Amino acid sequence: MKLTVIGFGQCGGRIADEFARINARAISQRGTQITPGVYAVNTDSADLTGLHYIKADYQHRILIGGRKTGGHGVGKLNEIGAKIAKEDSDKIFEAIISTRHLFESDAFLLVASGGGGTGSGAIAVMTRLIKERFDHKPVYDMIILPFEHEELTEERATYNTALCLKTVNSIADAVILVDNQRYIKEDASLKSNFTEINRLIVEPFYDLLCAGEETKTRFIGAKTLDAGDIMQTLTGWTALGYGKEDVPMFNFPFRRSGFRSKIDQTYKGIQAMEQAISRLSVDCNPGDASRALYLLSAPAGEMSMYIVKEIGEYLRNLAPRATIRNGDYPRERRQIEVNVIISGLNNIEKVKNFYLKSLDLIPEFQRRQEENEERLKEMEETGKGIPSLLQ
Ligand code: GDP
């Protein structure tokens, strides 16, 4: 599957940059493109300069709102991010359309944080405009949710996230949720190590996207996972998961034969699937999903339809309501890896919490604004009798 990836704001731009990195790897290792066009859009020029893999020209690193913000961002106000993106949308379209590979891609993936200003506002507006302009290509949005400490200390991050989620869910073909907090739970040393977190977020896409683009016969599975499978799976609220287990040396390449080996392989496959489910990108219950997909990647000798079936049954028990698609991808790495997509979720506590907290914040923000205006008026009144130097 090939994606056109557009990152908005600092977080979105950096994650898009990771996609450009895995694309370069797919070209060198597997002779195929997976993200033919990758762009970063921002109101902050310094953020654009800090990227590494996205082409360093104004058609790939797109500065918007330059005149309004002087290239310094929108200061957490996502309404302004949305307004600027709308005003400068022609600039974004011009850049995307003028690159050669746009028409090769199967879908758009737009990425931004929910809690910021530029990305959170711009992604909502651009999702709508891209859907209107390219109505035959699906548009998927990936929204990065704030850390717990940000939720606790920055009301605006909670409010922005709620606004962004509500808007994108009404227009995007699917909303992939990625909770920053889940990545530092796994490994506290990752706190504020965005490079590593972004790597963990994007890495699972490598096999998912490459599987259907593979041209070498030895890497083509019994059941290839292609763009159609992924597109038919992605709908509404979505979570992604990834798990891996090492295949011990003694098992490879001189595999143990027969019954014992089959049990070992299946056990490893199930463990990788358990990991993928326990590390879903957002806390959710697969039982609430209407669609799911898994991809098993393993050394060809370690893969059998038996494991594919067993891990499929494991997922079926967790997601009994879901239509489940699958694929297998023979690799040379000594690992059994499982990628899962859990989609069409009808209940996510985290999203409901953002909505509820924001409903409480709206009257509070209004009260503060009114109080602010009142005090300013009062001050003005107090100095009414003083002449101005401008007269
Ligand atoms: P914007 O540039 O105005 O859109 O704002 P940001 O993208 O900086 O949004 C701030 C939110 O994004 C906070 O919740 C940060 O924790 C998160 N964030 C910022 N940069 C990154 C990043 O590179 N990776 C991840 N995963 N989160 C980030």
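Tutor: A cavity is a set of grid points where a 1.4 Å probe fits but cannot get out. Keep that in mind for this model, which is predicted.

Student: How many cavities of 30 Å³ or more does a search of the whole structure find?

Tutor: The search finds 1 of that size.

Student: What volume does the largest cavity have?

Tutor: Its volume is about 100 Å³.

Student: Which residues line the largest cavity?

Tutor: The lining is made of M1, L3, L109, Y140, I176, F205, L208, L209, I230, L234, L240 and I341. By class, that is 12 nonpolar residues, with no polar and no charged ones.

Student: Where does the largest share of that cavity's lining come from?

Tutor: Helix α11, residues 204-211, gives the largest share, with 3 residues.

Student: OK, pockets now. What is the volume of the second largest pocket?

Tutor: About 520 Å³.

Student: How many residues line the second largest pocket, and which lie nearest its centre?

Tutor: The lining has 33 residues, and Q10, C11, K76, S113 and G116 are the ones nearest the centre. Sorted by class, the lining of this pocket has 10 nonpolar, 17 polar and 6 charged residues.

Student: Which elements each supply at least two residues of that lining?

Tutor: They are α1 (9-30), α6, β5 (139-145) and α10 (194-202). The largest share is from α1, with 6 residues.

Student: You mentioned α6. At what angle do α4 and α6 pack?

Tutor: Helix α4 (residues 78-87) and helix α6 (residues 118-133) pack at about 45 degrees, and their axes are 7 Å apart. The two helices are therefore oblique to each other.

Student: Is the crossing of α4 and α6 left-handed or right-handed?

Tutor: Right-handed. On the α4 side the contact uses N78, G81, A82, A85 and K86, and on the α6 side T118, S120, G121, A122, V125 and M126. Those residues divide into 5 nonpolar, 5 polar and 1 charged.

Student: What about α5 and α6, how far apart are their axes?

Tutor: For helix α5 (residues 89-97) and α6 the axes are 11 Å apart, with a packing angle of about 50 degrees. That angle makes α5 oblique to α6. The crossing of α5 and α6 is right-handed.

Student: Which residues of α5 and α6 meet?

Tutor: From α5, S89, D90, I92, F93 and I97; from α6, M126, L129, I130 and R133. The residues of this contact comprise 6 nonpolar, 1 polar and 2 charged.

Note on methods
Residues numbered from 1 in each chain as written. Predicted model: local features only at pLDDT ≥ 70, side-chain atom pairs only at ≥ 80, totals over all residues. Heavy atoms only, no water. Axes fitted to C-alpha atoms, helices over the stretch in contact; angles between N-to-C directions. Helix = DSSP H or I, 4+ residues; strand = E, 2+ residues; numbered from the N terminus. Parallel < 35°, antiparallel > 145°, perpendicular 65-115°, else oblique. Left-handed = near helix turned anticlockwise from the far one by under 90°. Contact = heavy atoms within 4.5 Å. Nonpolar A, V, L, I, M, F, W, Y, C, P; charged D, E, K, R; others polar. 1 Å grid on protein atoms, 1.4 Å probe; cavity = no way out; pocket = protein on both sides within 12 Å on 5 of 7 lines; lining within 4 Å. Points joined across faces, edges and corners; volume = space filled by probe spheres on them.
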